[in-house]
Amino acid sequence: MQVHMAPINFGKLLQLLLLTVLIVFSGEAAAQRNKSKKPTDTLHLVAVDSATIRKNIQALAKDTSKVKKSDTSVAILINRIENYTLMLNDLMSSLRRGFDTANISAGLPLTDTSLALIKYNIASLGRTPNINDIYTNKVMLEQLQRRLSSWQSNLFSYSAKLISINDTIHAIRNDSAMRNVPSEDELYGFYLGQVTNLVLKFRAVDSVNKVNLVKIGLLQNKVANRYIEASNLFEDMDYRVEQFGANMFARDYRYLWKPHRDSINPLDFFPVLKDSLHKSTKVLVIFFSIQWPVFFVWLLLAVLFSWWVYNNIRRIRQNHTEQEGETILQHARYLYRYPVACTIVLIATLSSVLSVRYPILFTEITWGLNAAALTFIFSTHLPKTLFKSWLFLTGLLFIYSLNNLLIEITYAEQWGLLIGAVLSFLLGYRLLKESSLTTFAQPKFTRPVLMLFMLTSAFSLIMVILARVGTAKVMGSSAIVGTVMALSLFVLVKILMEAVYLQVEANKDSSTFISFMDYQDVQRKLRTFLSILGFIGWLIILARNIYLYDAIYDVILDFLSSRHTLGNSDFTFSSVIIFIVVIWVATVASQLIAYMFGNTGQSANPNKKTKFGSALLLLRLAVLAGGVLLAFAASGIPMDKLTIVIGALGVGIGFGLQNVVNNLVSGIILAFEKPLEVGDVIELGSRSGVVKEIGIRSSKISAYDGSEVIVPNGDLISQQLVNWTRTNRYKRVSFTLGVAYGSDIQQVTDIIKAAFKDRKDILTIPAPFIQVAEFADNSVNFKVYFWVADLDNAGGLLSDVLTYIYSAFNKAGIELPYPQRDLHLRSVDESVLKKWDKPAADDVV
């Protein structure tokens with residue numbers, strides 16, 4: 001019975017597997033050898049039951065020329081058979097689970113529909129195709145390429161797994177060790193059954209694997225064909241866009257004064273409009289089917305932003321009285337009054353800036369939603385004259401948006417472009433004139449934007465007169481969209497600033513780092529940063545509307561990626577920019593850490609020390625050091641160049657940076673020893689104040705006179721430092737008090753003790769201490785000592801105690817004597833003495 005132990009069974013099972021391979025071959029006999037000419041150990045996908053396999057194995061085992069009988073390798077055979085059995089079970093499990101190709105098969109019809117629509121559009125393009133239509137086709141093809149490329153990657157991965165399984169099967173079949181069989185009869189009968197099961201599993205796995213290989217191969221072929229077709233069409237659209245740019249100023253339609261000439265088949269406006277709307281709607285549906293996660297992301301962002309604003313408004317109302325909370329919320333004039341409209345402005349503007357790969361209809365829908373939300377906001381914020389001008393501007397935006405959808409130029413469209421250009425120019429002139437007369441607060445960029453608006457509209461007017469209708473359409477639309485989006489970005493900056501304001505106000509009384517923020521400082525820096533980003537976004541929108549974005553992007557990318565040589569080193573401007581940006585980000589992050597987690601003096605409890613303390617310094621040093629290393633790595637600069645920089649610093653330290661290095665090392669010592677922390681009250685020489693920041697080179701102390709003292713870290717280490725709040729905020733207060741001679745000493749002591757009773761900020765342990773200090777010239781002096789729980793309250797408590805003592809002494813009749821002095825007159829003028837000796841006239845009765 002010991003032969004049935006697991007270690008022995010595994011090796012035999014594997015040998016029987018290879019025997020089965022040979023047996024299956026021999027079961028087909030000589031006829032199959034003559035027809036197929038295959039090796040004797042090749043498995044065939046022929047349905048053979050276990051009884052037939054056992055019979056073939058027994059017959060093959062008798063042929064000593066093919067199979068070797070041995071009992072010396074029983075353990076090896078058992079292990080082989082067990083391992084192969086487990087391996088085949090895993091392979092079959094993987095094959096049964098299959099590969100997720102359902103989404104690919106389901107997506108192919110939509111891909112075919114998209115390609116068919118694009119090919120139909122290309123075939124129907126006339127002599128004057130719309131650049132917006134061409135660009136929409138290009139966007140659709142780019143999305144299809146991305147989707148097909150993703151499918152190809154998945155199918156290649158599946159195919160690689162199937163090929164690996166096939167290689168594993170062949171490795172099992174070619175194992176020569178499986179040609180050995182046990183010679184002992186009992187072992188032989190047991191292993192015969194094991195090998196039979198192994199062969200059945202082997203054949204099943206091989207059969208399923210081949211079916212999957214065929215299935216994946218066919219699907220790969222389908223996807224590859226469509227990818228090639230989409231790539232060819234994309235190149236065609238790219239070429240058409242380039243041709244439009246090259247022929248941008250060429251005449252593409254008849255002149256306005258020649259309505260029935262230069263056109264073999266003039267088109268009517270409304271049929272073209274109907275076909276254009278149908279085509280754009282179909283493209284948008286297909287785009288939504290492919291890129292629905294994008295819409296979900298924007299919707300999720302809108303929900304999160306709305307929840308953030310609502311939660312902050314609710315917390316402000318909870319933490320303040322109704323009137324006070326309303327006063328705070330009124331400062332957020334956009335978000336508090338129009339939260340839904342502000343959310344729409346946020347999402348619509350960001351979607352226009354962050355992605356330039358949307359179909360024209362989707363882009364125009366976002367423009368419309370943005371304009372509607374802004375109209376709702378401006379209805380109560382703009383004067384009537386400016387609001388009427390805004391309504392007129394939104395009307396022009398609607399007309400140009402509709403015009404952008406037209407796939408071919410018509411005579412009515414040409415006249416519409418002419419009228420639109422004239423109206424746009426007049427509107428710009430009117431707004432420019434009103435901006436110089438109105439007292440309404442305007443953005444700083446108002447006049448430049450209006451001047452650009454007028455200039456672009458005038459250029460569009462000239463182009464439509466010269467029968468450059470395609471260019472006139474692009475420039476006229478860019479003028480309107482650029483002006484609307486400039487206002488939208490301005491409002492977006494306001495909305496984000498108000499969102500930060502609400503966040504700060506909602507957390508002022510909390511223990512989070514936001515309670516330490518100085519909103520005025522944050523507002524100033526954040527407004528500048530967001531304004532720069534807004535200006536860049538506006539330039540992106542303008543470049544997209546005049547279809548120069550791709551060209552500008554390629555030029556900038558080529559400029560940044562070109563290699564330049566300086567001495568023995570070569571570099572690219574992209575690496576230089578990356579290096580500078582990473583260092584800048586590390587520096588800003590270091591400053592932000594110190595700012596957000598340090599004590600800025602704006603918290604609800606300024607006497608409370610932050611829990612982070614001097615560890616901030618170590619964290620800031622780590623951020624800066626990591627930023628430097630990351631900058632070298634990200635920019636592609638060899639790390640050995642860092643040793644040159646370190647060597648240069650060593651020379652600089654030797655020549656004149658000893659003081660700087662001393663302060664840097666002192667800062668590290670402060671971080672580890674922690675003699676002071678942010679929020680401590682210290683005295684350094686003649687200066688005293690609260691530690692506001694422990695910096696890398698220097699520290700900031702907020703003095704009690706309102707000034708900020710910048711102290712080098714070396715001075716904090718080398719000079720005598722008094723830290724009043726190292727372990728607690730206790731402070732001993734003392735004063736001297738004198739009473740007249742003859743006063744009751746015990747009564748005076750009792751009155752002084754009574755001054756400290758029922759004062760919660762004065763400590764009872766240690767108790768106030770009173771002693772008679774000295775007998776002075778005109779008074780008996782008492783020395784009084786008492787302890788306060790918070791040193792910031794020492795001055796106020798001393799004043800209260802002295803006030804109480806003075807009042808109590810007056811009631812008790814205890815005198816606080818004036819200083820007494822003896823006056824000796826050495827000489828006096830005789831006239832003065834006579835004057836005092838002569839009786840005054842008023843004294844004569």
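What pLDDT does the protein average, and what share of the residues score at least 70?

Mentor: Start with confidence. This is a predicted model. The protein averages a pLDDT of 75. Of the residues, 72% score at least 70. Two stretches call for care. Over residues 63–68, pLDDT stays under 50. The model has 11 contacts beyond four places in sequence for residues 63–68. Over residues 599–606, pLDDT also stays under 50. For residues 599–606, the model has 20 such contacts beyond four places in sequence.

Now the salt bridges. The count comes to seven. I will take three of them, pair by pair.

Begin with Arg226 and Asp112. They form a salt bridge, with the closest N and O atoms 2.6 Å apart. The pair links distant parts of the chain. Arg226 sits in helix α7, residues 185–246. Asp112 sits in helix α5, residues 102–124. Next, look at accessibility. Arg226 has a relative accessible area of 19%, so it counts as buried, under the 20% cut-off. Asp112 has a relative accessible area of 31%, so it is partly exposed.

Turn to Glu413 and Lys473. Their side chains meet in a salt bridge at 2.7 Å, N to O. Glu413 lies in helix α14, residues 411–437. Lys473 lies in helix α16, residues 469–506. The pair therefore ties together parts that are 60 residues apart in sequence. Glu413 counts as buried, because its relative accessibility is 3%. Lys473 is buried, with a relative accessible area of 3%.

Glu434 counts as buried at 16% relative accessibility. Arg430 is partly exposed at 38%.

Glu413 with Lys473 joins helix α14 and helix α16.

For context, move on to the strands. An open sheet of five strands runs in the order β8-β7-β6-β5-β9, with antiparallel pairing. Strands β8 (708–712) and β9 (721–723) stand at the edges. Each has a single partner strand, so one side of each is left without a neighbour in the sheet. Neighbouring strands of this sheet are turned by 40 degrees against each other on average, direction ignored. Look at one edge in detail. Strand β7, residues 698–703, is joined to β8 by five bridges, and the two run antiparallel. Ile701 stands opposite Val709 in β8.

One further strand pair deserves a look. Strand β11 covers residues 769–775, and strand β12 covers residues 780–788. They pair in the antiparallel sense over six bridges. Phe775 has Val780 in β12 as its bridge partner. A hairpin of four residues joins β11 to β12.

Note on methods. Residues numbered from 1 in each chain as written. Predicted model: local features only at pLDDT ≥ 70, side-chain atom pairs only at ≥ 80, totals over all residues. Heavy atoms only, no water. pLDDT = per-residue confidence, 0-100. Contact = heavy atoms within 4.5 Å. Pairing = 2+ DSSP bridges. Axes fitted to C-alpha atoms, helices over the stretch in contact; angles between N-to-C directions. Salt bridge = Lys/Arg side-chain N within 4 Å of Asp/Glu carboxyl O. Buried < 20%, exposed > 50% of the residue type's maximum accessible area, 1.4 Å probe, protein only.
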